[in-house]
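This report concerns a single protein chain. The sequence and the coordinates are shown first, and the description comes after them.

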Amino acid sequence: MDSLTKKYRYHLLALLAIIVIGLAAGIPKLSFNTDYHAFYDNENPELRAFDTIQDRFVKSDTVMIMLSPENHRVFTESTISAIHKLTELSWKIPYSTRVDSITNFQFSEAENDDLTVRDLVPTDQPLTQDFLTRSNQDALRQEELVGRLLSNDSAHTALYITISFPDERTPGQPKEVMEAVREMISSVEEEHPQLAFYVSGVVPMDYAFAEVSMRDGETLITGALLLMLVILYALFRSLTAVFATTSIIVASVLMALGAAGWIGIQLTPPSASAPLMILTIAIADCIHFISSYQHKLQNTRIKLKALRYAFSHNWMPITLTSITSAIGFLGMNFSDSPPFRDLGNITALGILFAGVLSLTVLPTLLWLLPPVTQQGITLRGTDKLLGGLAHKIVHKPGLIAAAGLLIVAALVAQVPKNRIDDTFLHYFDREIQFRADSDTIEQSLTGLYFIDYAIDSGTENGVYDPAYLRNVEEFVTWLNEQPEVTHVSSLLSTIKRLNKNLHGDDPHYARLPETEQEIAQYIFLYEMSLPYGLDLKNQMSLDKSSLRVSATLSTIPTQQVLAFEERAKQWWSQRGDIEVLAGSPTLMFAHISLRNIKSMLTGTALALIGISILMLLMMRSLKYGAISLLPNLAPALMAFGLWGIVVGEVGLAVSVVAAMSLGIVVDDTIHFLYRCLRYQRAGLGIEQAVPRTIRHVGRAIVSTSLILAGGFGILALSHFKVNSEMGLLTAVCILIALVLDLIVLPALLIITLRRRRAASALPVDVQPQSA
């Protein structure tokens, strides 16, 4: 200790400053990935299926713009003019490869023996009321339009821009697209103030991930840091304590982010919350150290003695809490979603860095800076409360333990009330424009959820086979009968319409042609009539071996999506050996929640085993190790029990809380048991060791727990549900752990170890020293 605080203090600070700067230099290498693909491994089966479909057909990354006229009538001269302009400008959006609107919809009709294919509302057509009325009637007869591009009451219409990003996609591309879209809408809105515009789709969803992360970064992390600085000053009433602690937590965050940059980790919305978690957890080490330092300094007034005392009483707990917390977060590597693995790894690095800095830089700073002697108001009040609590626990340990265990059992029994479910659109709260627009679009026209089916005929040009098309037709009919489905898009509607057109528009022929030659001829004739950019590649593969059927779904929870998928699989399993591939972001998000929960059970179990082994090695006491399991395991189980009562839905974010919280709540348990064990091995009975431990480490445990709960509670204010639920449930775990550590754990120790006295003492470096 002398070498740290005297002889080598400047050398140590210089060395660590170089290390911090060297690691922090990796921060510019960090990139932010807002692509929803980032939530999945490359080997994820749902991602691979969706990518295969996108390779076979035109990519379906879209921007959907819904227009809602004030008078609820789309087919008016003003609104149609706006759609014409919007359609024309949409072709100029970066990476735009296709634009679909009601005006450029390829309307076909018979003229004597000829087939005419034209825009439903050509740009050179005078927009007379008679023409608009006929166009409205024609549009409402098209299956391809109603429920997708036009509401059934003609009050709302949509325009789809198909975006094809390069294979080497960059985080800035969705932003580039959305900025161009918003600029385009503004230009049209100025000329047509009677129109309301709403934007949704896959690309806006990608950009919403970036927006919500930027908002959280600007507000939550800054707010958390300010809150913690205020609490620190209230605790210690010392600018020295605030400055020293701030230095440690800021350095820890910079080192962790820099290391992530050097490693090549990409930040995503979930992993972007790592800095907030690091600064929240890192502050706990500092509080424990400074509390011990301040306590001794008030009695001795000798800085060196106080630092020796703080170091000897905290080096082992801080080392162990750093390792065990890191193990808990490293348990997140079992997650099936890469962003949560990155979050765990970045946070684990930050915790380890904070532990090292707390035992090296912090004591050195405390030696160099003015002493921390004044006790805060909060601590004086806490001391009085803890003294009364210790008195009651010693006199009624059985009653307290029984009541505590009863509450634990009651809450744990509620865990089964949770159901595994999620709704990925609801990852964003209603203050995010993407969520608000998507909700409005679903209520007025169509939803964001969809599932694409690539139905393989097994042979080149097999889509012309009438038997194959009848199977597809039966499936389309089945899809339309499902309660979750709001619209089905397929080439069949076009083929039936062409058959009717080429039979004098006789409604009797609005069905599939009977021969392969007719089907091939009709499709060829239609393709030859289509303008550039509006071909059939989005519905039919290039070798004409498979068709794409797209089912739009209402916004439904994960379990309903999975149930729907299973029904579709069952339907096809009864139709023989036909290869059908289903894929979409909807399916990908539905599967990842369930898969993540299963994988995190393994991660949590292994983290618990690792932490338990370390605690046993530290305490060298089987009884202490066994008792420690309750305050380590129970908080997460009790929190999930409360969650089952209040919320009842466990999704992607909540699934990682058990492993994450395990690494956090074990910190206070370690500090309490370590100090209590020292007292016992020094010859005190358990009835004396427990109250002394409560008085000496209780205030630090209360302070750190409240700060941790506050930090994660601030994360609960995030506009991104994945972060907010994770923060809220973790905060609940921490508060439950505080109660267990200061009330139930001491009572159990007294009951279990009442008659037991330590037979031997520890080596000199761990003997308790007088206050």
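The text below treats the chain overall, then some helices, then individual residues.

**Basis of the description**

The model is predicted, and local features need pLDDT of at least 70, side-chain atom pairs count only at pLDDT 80 or more, and totals for chains, interfaces and linings use all residues. Residues are numbered from 1 along each chain as its sequence is written, and side-chain values use heavy atoms, with hydrogens and water left out.

**The chain overall**

The chain contains 23 helices and 12 strands; helices (H or I, at least four residues) and strands (E, at least two) are DSSP runs, numbered from the N terminus. Its C-alpha trace spans about 110 × 50 × 45 Å along the principal axes. Of the 771 residues, 59% are buried. Here buried means under 20% relative accessible area, exposed over 50%, and partly exposed in between, with a 1.4 Å probe and protein chains only. Among contacts with a separation of 6 or more, 82% are between residues 24 or more positions apart, where contact means heavy atoms within 4.5 Å.

The expected span of a helix is 1.5 Å times one less than its number of residues. The table sets out two helices in these terms.

| Helix | Residues | Number of residues | First to last C-alpha | Expected span |
|---|---|---|---|---|
| α6 | 172-191 | 20 residues | 30 Å | 28 Å |
| α18 | 558-573 | 16 residues | 23 Å | 22 Å |

Which residues of α6 are buried? They are Gln173, Pro174, Val177, Met178, Ala180, Val181, Met184, Ile185 and Val188. Because these residues cover an arc of only 160° around the axis, they lie on the same side of α6; the arc is that of the directions from the helix axis to the C-beta atoms. An α-helix has 3.6 residues a turn, so residues three or four places apart point the same way. Glu183 and Glu190 are exposed on the other side of α6. The cover over the buried residues of α6 includes strands β1 (61-69), β5 (157-163) and β6 (195-200), together with helices α4 (77-90) and α7 (202-236).

In α18, the buried residues are Thr558, Val561, Leu562, Phe564, Glu565, Ala568, Trp571 and Trp572.

**The pair α20 and α23**

Helix α20 (residues 622-646) and helix α23 (residues 721-753) have axes that come within 8 Å and cross at roughly 145°. Axes are lines fitted to C-alpha atoms, for helices over the stretch in contact, and angles run from 0 to 180 degrees between N-to-C directions. The crossing of α20 past α23 is right-handed; a crossing is left-handed if the near helix is turned anticlockwise from the far one by less than a right angle, and right-handed if clockwise. The contact of α20 with α23 has 24 nonpolar, one polar and three charged residues. In this classification Ala, Val, Leu, Ile, Met, Phe, Trp, Tyr, Cys and Pro count as nonpolar, Asp, Glu, Lys and Arg as charged, and the others, Gly among them, as polar.

Leu740 belongs to α23 and counts as buried because its relative accessibility is 4%. Beyond its neighbours within four places in sequence, Leu740 is in contact with Val408, Leu630, Pro631, Ala634, Pro635, Met638, Leu745 and Pro746. Leu740 and Arg430 are 310 residues apart in sequence, and their C-alpha atoms are 37 Å apart.

**Buried residues in a strand and a loop**

Thr552 lies in strand β10 (residues 546-553) and, at 11% relative accessibility, is buried. Leaving aside neighbours within four places in sequence, its contacts are Thr446, Gly447, Tyr449, Phe450, Glu484, Val485, Thr486 and His487.

Val463 is in the loop between β8 (450-456) and α15 (466-481). Its relative accessible area is 1%, so Val463 is buried. Not counting residues up to four places away in sequence, Val463 touches Ser457, Tyr468, Leu469, Ile519, Met540, Lys544, Ser545, Ser546 and Leu547.

**Loop residues with positive phi**

Most residues other than glycine have a negative phi. Tyr95 has a positive phi of about 70° although it is not a glycine. Tyr95 sits in the loop between α4 and β2 (96-100) and is partly exposed, at 26% relative accessible area. Ser154, also not a glycine, has a positive phi of about 55°. Ser154 is located in the loop between α5 (129-140) and β5, and is buried at 6% relative accessibility.
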